[in-house]
Amino acid sequence: MRLPHPAGWPSPTRSARRLSEGLAVAIYSLNHSAIGKQTHAAGTAGAHVRYVTRKQAVPEIIANLIPANRNEARAWMEKHEAESRKNARVCDKLIVALPIELDAQQRLALARDFAAKLTEGRVPYFGAIHAAGKDASNPHLHLIVVDRDPHTGKRHLQTSEKGSTEKFRALWEQVCNEHLAGAGIDTRIDRRTLEAQGIERAPQIHVGAEGQHVNENVRRPASETREVAIPKGKKTRTVDYPAIDQGRTRKEFNDQLIDANLLNAKLSPDFGTRKRAEVELRLRTMKKLDDQRFAEARRALNRRDREARAQAWQQHQAARRALQEARDTKTAEVRAAIKAQFAPAWAEYADWKEKAWQQLSHDKRDQVARVRHAHGCIVQMKRGVHFQPGMLRPVFGHAAAKPAEAAFALKREEAARRKAISDRQSQTLKERLGETLRESRAAMAAEKQRYQEQRAEFQRSQREQWRELFRQQIEARELREAFRKKQETVIGQVEGAMRKTDVGWTRGVFGLKAANSNTADGVASHFADAGRKADPGWTSTPPARAVFGRAASDGGSRPKHSTPTLGRG
């Protein structure tokens with residue numbers, strides 16, 4: 001686990017570890033879980049393959065006995081799930097934090113080596129490395145393992161057995177440390193707990209990226225009572241988070257743990273550990289004030305940003321609606337005016353149509369009367385000797401066809417007149433509305449341009465404010481770092497002098513008076529004065545007995561001091 005810096009138990013622990021082992025501690029994280037047919041919905045394994053290979057994560061894929069193509073791998077996983085028994089363990093999932101100290105190629109080699117040693121070449125696996133975009137500072141490996149030897153059909157890793165996760169954790173620690181050492185990096189990972197490592201420090205809880213973003217940029221997170229589903233069942237249980245966290249956020253809880261660790265370190269008998277704890281407490285006080293001030297500033301900037309963007313959008317939408325209403329009103333007025341303009345033409349057309357159809361009806365009645373009269377004559381002619389069959393057919397055909405032809409001709413003329421009036425009206429409407437629509441589009445474009453310029457100007461203003469805020473944050477951080485270096489320099493000088501137990505050397509270098517050169521209290525008080533001169537806020541050291549042990553005034557011999565152990569707390 002990486003030791004937090006400057007928060008938590010910082011440089012003293014790391015310094016002590018480097019002094020004792022020559023190594024620093026990198027992040028250790030390995031999470032092991034499984035997907036089963038009875039514990040998960042059908043298709044969960046294939047969906048997980050699709051998730052870890054999503055394009056947004058820019059994954060780098062490693063695979064063995066499973067296709068490296070994301071679609072083929074998903075199809076393979078779904079086929080494997082379908083062929084497994086109803087209570088089968090479909091696959092195992094491992095999420096491993098990759099050391100950020102390694103570069104991309106070294107992390108890829110590490111992931112392949114770990115997967116190969118884990119499966120021993122007999123078990124199918126599919127992995128995806130996420131180390132780009134949002135994961136650039138959090139490289140990690142998603143490894144999917146199917147514990148089934150394709151040749152024998154039997155389990156090989158025994159991932160469902162007790163202790164399998166611990167084996168995975170031990171193997172990852174071994175392989176990762178081998179690659180770190182091979183790359184010439186002095187950091188190492190350790191799977192043991194803080195207590196097992198001998199670090200007297202309370203472990204912190206995880207603060208997710210989303211929660212950290214909300215706390216720093218939006219608002220202070222508030223606890224809520226929630227209904228949580230019980231695994232392997234449809235029931236739920238009520239979790240009273242306000243009673244659990246006692247009104248503290250995760251960050252506030254971690255801050256209390258860090259402060260408690262530092263307060264314990266202040267009671268250390270080691271001078272360097274004690275003084276560095278005092279410095280860290282002062283730095284944490286300064287950082288808390290800075291964080292609170294900058295968090296409030298970020299929240300205010302984001303709040304103003306949201307409010308201004310919402311107000312600008314509402315104004316833009318209101319302006320668009322007003323322009324649309326004006327366009328619709330003017331269009332309706334133009335249509336009404338053109339309709340009134342062509343009303344006489346349509347009235348004239350309707351009058352002509354009515355008269356034409358009346359005339360056609362009158363002509364049709366006359367024709368029918370003539371036909372009936374001719375029919376009577378024909379009946380009488382049929383009785384005469386000069387009648388020939390078929391001689392009257394042209395007469396009847398012509399008489400019957402004449403009204404139909406007249407009606408068809410009238411319909412054609414009616415359509416032609418209607419089309420002529422409609423075309424003239426449409427052309428007039430198009431000319432009049434074209435001008436209206438052009439004005440409306442010009443107004444819409446002007447409004448859009450105004451909105452975009454307003455938004456661009458607001459974004460420029462926001463960027464300037466954020467730049468100023470970031471500048472202030474950097475300045476505050478530099479001031480804290482300068483204070484840390486200054487105090488570390490003074491502490492280092494005091495520790496160096498304490499390692500030099502020769503009083504004569506102390507007198508020669510620092511010019512102590514003979515009156516106090518024979519006591520450890522004199523050395524400690526001299527360096528306390530030096531610390532106060534270097535920094536007015538320097539906290540005076542405890543009595544010499546607490547620093548050196550047995551003082552020379554007690555009649556003891558010259559104290560023997562080893563290299564100060566700065567502690568692991």
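The dialogue below turns to helix pairs and then to a pocket.

Mentor: This is a predicted model, in which local features need pLDDT of at least 70 and side-chain atom pairs count only at pLDDT 80 or more, while totals for chains, interfaces and linings use all residues. Residues are numbered from 1 along each chain as its sequence is written, and side-chain values use heavy atoms, with hydrogens and water left out.

Trainee: At what angle do helix α8 and helix α9 pack?

Mentor: Helices (H or I, at least four residues) and strands (E, at least two) are DSSP runs numbered from the N terminus; axes are lines fitted to C-alpha atoms, for helices over the stretch in contact, and angles run from 0 to 180 degrees between N-to-C directions. Here α8 (residues 250-266) and α9 (residues 271-341) pack at about 155°, their axes lying 8 Å apart. That makes α8 roughly antiparallel to α9, given that angles under 35 degrees count as roughly parallel, over 145 as roughly antiparallel, 65 to 115 as roughly perpendicular and the rest as oblique.

Trainee: Which hand does the crossing of α8 and α9 have, and which residues of α8 and α9 make the contact?

Mentor: A crossing is left-handed if the near helix is turned anticlockwise from the far one by less than a right angle, and right-handed if clockwise; that of α8 and α9 is left-handed. Contact means heavy atoms within 4.5 Å, and among the residues making it are I258 and L262 of α8 and A277 and L281 of α9. With Ala, Val, Leu, Ile, Met, Phe, Trp, Tyr, Cys and Pro counted as nonpolar, Asp, Glu, Lys and Arg as charged, and the others, Gly among them, as polar, this contact of α8 with α9 divides into six nonpolar, one polar and 10 charged residues.

Trainee: How do the axes of α4 and α5 cross?

Mentor: The axes of α4 (residues 104-119) and α5 (residues 164-182) come within 10 Å and cross at roughly 140°, and the two helices are therefore oblique to each other. The crossing is right-handed; residues including L110 and F114 in α4 meet residues including F168 and W172 in α5, and the contact has nine nonpolar, one polar and three charged residues.

Trainee: What lines the second largest pocket?

Mentor: On a 1 Å grid over the protein atoms alone, a pocket is an open set of points where a 1.4 Å probe fits, with protein on both sides within 12 Å along at least five of seven lines, and lining residues have an atom within 4 Å of a point. About 480 Å³ of space lies in the second largest pocket, and of its 23 lining residues the closest to its centre are S84, A88, R89, V90 and R148. α3 gives the most to this lining, with four residues, and the lining comprises six nonpolar, eight polar and nine charged residues.

How values were computed. Points joined across faces, edges and corners; volume = space filled by probe spheres on them.
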